[in-house]
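This report walks through a single structure. Take a moment with the sequence and the fold, then read on.

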Amino acid sequence: MRVPLGAVGWDALPLVEAADDRPAIERRSVLRGGFYETQARTLIERVPAGAGLAERWAVSPYRGCAHACRGCGARGGHRRLGLDAGRDFDTRVVVKANAPARLRAELARWGGEPLALGLGGDCYQDAEATYALMPALIGALAEAGVAFTVYTKSSLVLRDAALLAGSGGQVAVSVAFVDERVRRAVEPGAPSVQRRLELVAALVEQGVVCRVLMAPVLPLLTDSAEQLAATVRRVAGAGASVVEPIVLRLPPGTREWYLSWLAEAHPALVDRYAELYDRAGLPASGYEARITAQIGELARVYGMRAGPVEHPAAAEARFPQLTLL
Ligand code: SF4
């Protein structure tokens, strides 16, 4: 039945608005070449407590990562963009296109504390081949005399080896295990173990200060004495002089994605993970201490130092910065 217009007063009509229910990042970015290109308001951000890294501050020109590591601790950041911490993190990568300009501005009032690069997403993933933000970021850090570590799994970092060698920065290449079957299951988009070991050798050869981040060690999957020994042996064989072990963290976002895979691939381990991890996603301290000590001992056997990065002493950061983009 048609309602005669005169029967309804205009005041009674609901206010109709076209609700914009797109994810927050889509409202403030341009989708270009498959990447969400945005202008960061701030760049230097705090490393989450419990991440296990020596640096307290980080810079991530990319957020999200095509390497798609199941246990990546940065996954939860995508939720704050209105995206999910699982497949969206792997496929919807945010590019902070103004990162070099922002970093220069922030370094002008930075106290000098060392920075970690690439925690929110590998800074040499495919997006870097398109945007090439890293040379300018390295240049800004070198000019400011701020120590830094680039965390990566990608051999694209070799493009910038000459810049890095003279910059005061270091590269940490992640090699947590050497079993390719496990790598394909938990790091499906990342380069093979062999390519990463070759990357370590090439960086050392080109004079870049380089260490291996043996992270994340996966409880009950890559933590047997044999697996740890095989990994440390091959890391040493690649020419690394320092290995830094970190056991898997399961903060919100990472926890759900990793455990859903675990339930499918290794259902018998789910209860044991529940016993091993606390509510914050940290592994039991006794377990972590045991793994760290084992790797430390193996490193000594193979002539390497084990432990976190040793940056030159630096002043405290002068301003806190917490915003996401
Ligand atoms: S390479 Fe690093 S940033 Fe990228 S998904 Fe893996 S752990 Fe996360």
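Two strands pair if DSSP finds at least two bridges between them. Helices (H or I, at least four residues) and strands (E, at least two) are DSSP runs, numbered from the N terminus.

## Model and numbering

This is a predicted model: local features need pLDDT of at least 70, side-chain atom pairs count only at pLDDT 80 or more, and totals for chains, interfaces and linings use all residues. Residues are numbered from 1 along each chain as its sequence is written.

Eight strands make an open sheet in the order 3-4-7-8-9-10-11-12. Its pairing is mixed. Strand 3 (45-46) and strand 12 (305-306) are the edge strands, and each pairs on one side only.

Strand 10 (residues 209-217) and strand 11 (residues 242-247) run parallel, joined by four bridges. Val 217 has Val 247 in strand 11 as its bridge partner.

Strand 8 (residues 148-152) is largely enclosed by the rest of the structure, because five of its five residues are buried. A residue counts as buried if 20 or more other C-beta atoms, placed from the backbone, lie within 10 Å of its own. In a regular strand, side chains alternate between the two faces of the sheet. Phe 148, Val 150 and Thr 152 point one way from strand 8. Thr 149 and Tyr 151 point the other way.

Which strands pair with strand 8? Strand 7 (residues 115-117) pairs with strand 8 in the parallel sense over three bridges. Strand 9 (residues 169-174) also runs parallel to strand 8, with five bridges joining them. Val 150 takes part in both pairings: Leu 117 stands opposite Val 150, and Val 150 stands opposite Val 171 in strand 9.

Another open sheet has four strands in the order 1-2-6-5, with mixed pairing. Strand 1 (30-32) and strand 5 (62-63) stand at its edges with a single partner strand each, so one side of each has no neighbour in the sheet.

Strand 5 pairs with strand 6 (residues 94-96) in the antiparallel sense, over two bridges. Here Tyr 62 stands opposite Val 95 in strand 6.

## Around the ligand

The residues around the ligand are Cys 65, His 67, Ala 68, Cys 69, Cys 72, Ala 74, Gly 121, Asp 122, Lys 153 and Ala 190.

Note on methods: A residue is near a molecule or strand if its C-beta atom, placed from the backbone, lies within 6 Å of it. A residue is buried if 20 or more other C-beta atoms lie within 10 Å of its own, exposed if 12 or fewer, and partly exposed in between; C-beta atoms are placed from the backbone.
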